Amino acid sequence: MSVPSRPPLLEVKGLRASYRGRGGPLGDGKSAILALEDVKFCVERGQVLGLAGESGSGKSTLARLLCQLKTPDGGDILLDGKPLGTMSKAEKHEYRRRVQMVFQDPSTTLSPRRSIRQTLLEPLSHFGIGSPPERERMAIEALESVDLEASAMHRLPHQFSSGQRQRISIARALLPRPDLLIADEAVSSLDVSVQARILGFLNRLRQERDIAILFISHDLAVIRQLADNIGVMLRGRLVEYASADALFSHPAHPYTRQLLAAVPDPDPGSGSSPHLANNETALGLAAITAHRDESAGCRFADRCPEAMRECHRIRPALRSRPGSAAHVVECHLDPPE
Amino acid sequence: MTAALSVHEISVSLPGPGGLIRVVDQVSLNLERGEMVGLAGESGCGKSMLALAIMGLLRGDKGHVEAKSVALGHHEAGPSSSHGMVDHRGKRIAMVFQEPTTALDPVFTVGWQISAVLRRRFNLDRAAARDRTLESLSDIGFSDATDVYRAYPHQLSGGMRQLVMIAMATAVRPEVLIADEPTTALDVTTQQQAMAQLRALQRDAGTAVLLITHDIGLIAGSCSRIMIMYSGQIVESARYETLFQKPLHPYSAGLLAAVPRIGSATPVNGIAGHVAPLTEQRVGCRFAERCARAIPVCRETRPTLLDREGRMIACHHPL
């Protein structure tokens, strides 16, 4: 079947970004910290791409670049095949309408001094959507779509629980009718019961409105609830990318396997953490304390239980796994010989 | 053997619009030496209030605490005793707070803050306190403990600050540690590290740990017993395996069903409705309006915590 191929909704090509270095006892005084390095992926319409990785892996930097809150050092972001870099001012305005973001902490997202009504009407007037009475109606519909009552319009953020505030943030993000929703740790601060309801809501949203979601989380069990495809990020690089099924059935990168092992499971018979007691100290902490080195080898080599000499010297390339072109991994150990 | 911590019928009341509101209602618990017990429930169930009340940190207008007894080993340290917990905090009992940003003082280095506790409580001199602080920082996994020692809280990431809080608690090797959502702000790999550290403390120093969390997955990996709290009351208390295999209280079952599992893509379900504000006085079971199994008696009489099949449960119509 050969249909003239339509460009994907969002394409990210060779994206690079850096931050200025920090001082203080923990800073190395160097000028720049590379936060993203050669990241590329696509998101199709109505699809959910999950991005996993621990703090400092560059997930939030990526979200900021996609929302035009930060300028990349290199590479391109394409919406419907058109590079962001070549867009006119009007086109960038339209891009902002089509790509909306839900942030991690709902208590800092919503202005404490503005009523929910003010917060919800602003994106509509900013993007010139609807007449004033229509906007009012759309705002109420948006609230109802996230299971809140119209009376919420005239209340202030502090009068809501954190789960309700997060749903208000989602309602706000949906009002400009975006094609892509970026959810950066949108459920991680919520308790499990509220989290489950927000996840169910996002799932329904994707089905009903054909909206694409870039879902960023450190917790692969949460990502699994939504994602069609999953990318795993490590210190600024996308080290594994696969369909959700492939990633969970055949995780190829040792880092992905560590992330999977780190998710606590409620089943006492599942062999979770206490049985790992001997080797678990080898995980986590290197990432927190290690300074970002620009060494030539694999970014994971210093924490990898299986690292070979080659891993410390040569940066592995992103390659397809044998027999599945869509499952790519950046590791010298894969495929196992 | 005397329990490391035994709490008998502790209640907390806070001033509200129509008089005092009871946010923790006659909760009793026992922690044995070297035991880790999980306390789970949604936000707003009174878990943190219970912890603060046990620590004796609710005084004056912050809340009114009543208890038949709060004992650390043989020492009565409840609100009716003369000194309460004052002499024991930071020595025999310690707490890891949920929010490390507000729990650490921004104007002192983290090393100074940890050693201050050691100098005050154990009469260590400056050098000895510093050594012990560095030791606990490196135990928890900081490879550059001296750098962390000299850092101010704002120079550390949220995850590092939380690990510093845990290092502060482990440095004093308390008999009892109350950890209130110690890993909620952490990502999964750091969480694993923090939990390993709490388990090491429990194992090596025989510390009894009360782990407060909404994430039942965390309890599964570490705790032998679990208590489920709803709206100020313990509604179920059992060995963890028993509860996981067959929760009796509908609320326990709801919490378990809400946890996303790494091994399955089956959608999780939240519990319908939300925790009713405690300002609403109700007769009957406080969970009744969210409960699919509620029968008329649930709305009329408050169930009491009773022994059933070797576990404690407060429900008229259990699963």
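Domain bounds, as I use them here, come from an automatic or database domain assignment. For chain B, that assignment gives domain 1 (5–230) and domain 2 (231–261 + 284–319).

Some ground rules before we go on. This is a predicted model: local features need pLDDT of at least 70, side-chain atom pairs count only at pLDDT 80 or more, and totals for chains, interfaces and linings use all residues. Residues are numbered from 1 along each chain as its sequence is written, while chains are lettered from A and ligands numbered from 1 in the order in which they are written.

Back to the two domains of chain B. Their C-alpha centres lie 27 Å apart. The contact between them takes 21 residues from domain 1 and 20 residues from domain 2. By contact I mean two residues whose C-beta atoms, placed from the backbone, lie within 7 Å.

Which elements of domain 1 of chain B give two or more residues to the side that touches domain 2? They are β2 (19–31), β3 (36–40), α8 (216–222) and β9 (225–230) of chain B. These names follow DSSP runs, numbered from the N terminus: helices are H or I with at least four residues, strands are E with at least two. The largest share, 6 residues, comes from β9(B). By class, this side of domain 1 has 14 nonpolar, 4 polar and 3 charged residues. Nonpolar covers Ala, Val, Leu, Ile, Met, Phe, Trp, Tyr, Cys and Pro; charged covers Asp, Glu, Lys and Arg; the others, Gly among them, are polar.

Now the sheet. In chain B, 8 strands form an open sheet in the order β6-β7-β8-β3-β9-β10-β12-β11, with mixed pairing. Two strands pair if DSSP finds at least two bridges between them. The edge strands, β6 (93–96) and β11 (306–308) of chain B, each pair on one side only. From one strand to the next, the twist averages 25°. Helix α1 (residues 47–55) of chain B packs on this sheet and touches β3, β6, β7 (176–180), β8 (208–213) and β9 of chain B. The direction of α1(B) makes about 150° with that of β7(B). For such angles, axes are lines fitted to C-alpha atoms, for helices over the stretch in contact, and angles run from 0 to 180 degrees between N-to-C directions.

One pair in detail. Strands β10 (residues 233–239) and β12 (residues 311–313) of chain B are antiparallel over 2 bridges. There, E236(B) stands opposite I313(B).

A second pair is β1 (residues 5–16) of chain B with β2(B), antiparallel over 9 bridges. A hairpin of 2 residues joins them. L14(B) stands opposite I21(B).

Next, where the chains meet. The contact takes 47 residues from chain B and 44 residues from chain A. On the chain B side, α7 (188–205) gives the most, with 7 residues. That side has 21 nonpolar, 18 polar and 8 charged residues.

Last, confidence in chain A. pLDDT is the predictor's confidence in each residue, from 0 to 100. Chain A averages 84, and 87% of the residues score at least 70. Where pLDDT is low, the predicted coordinates should not be read in detail.
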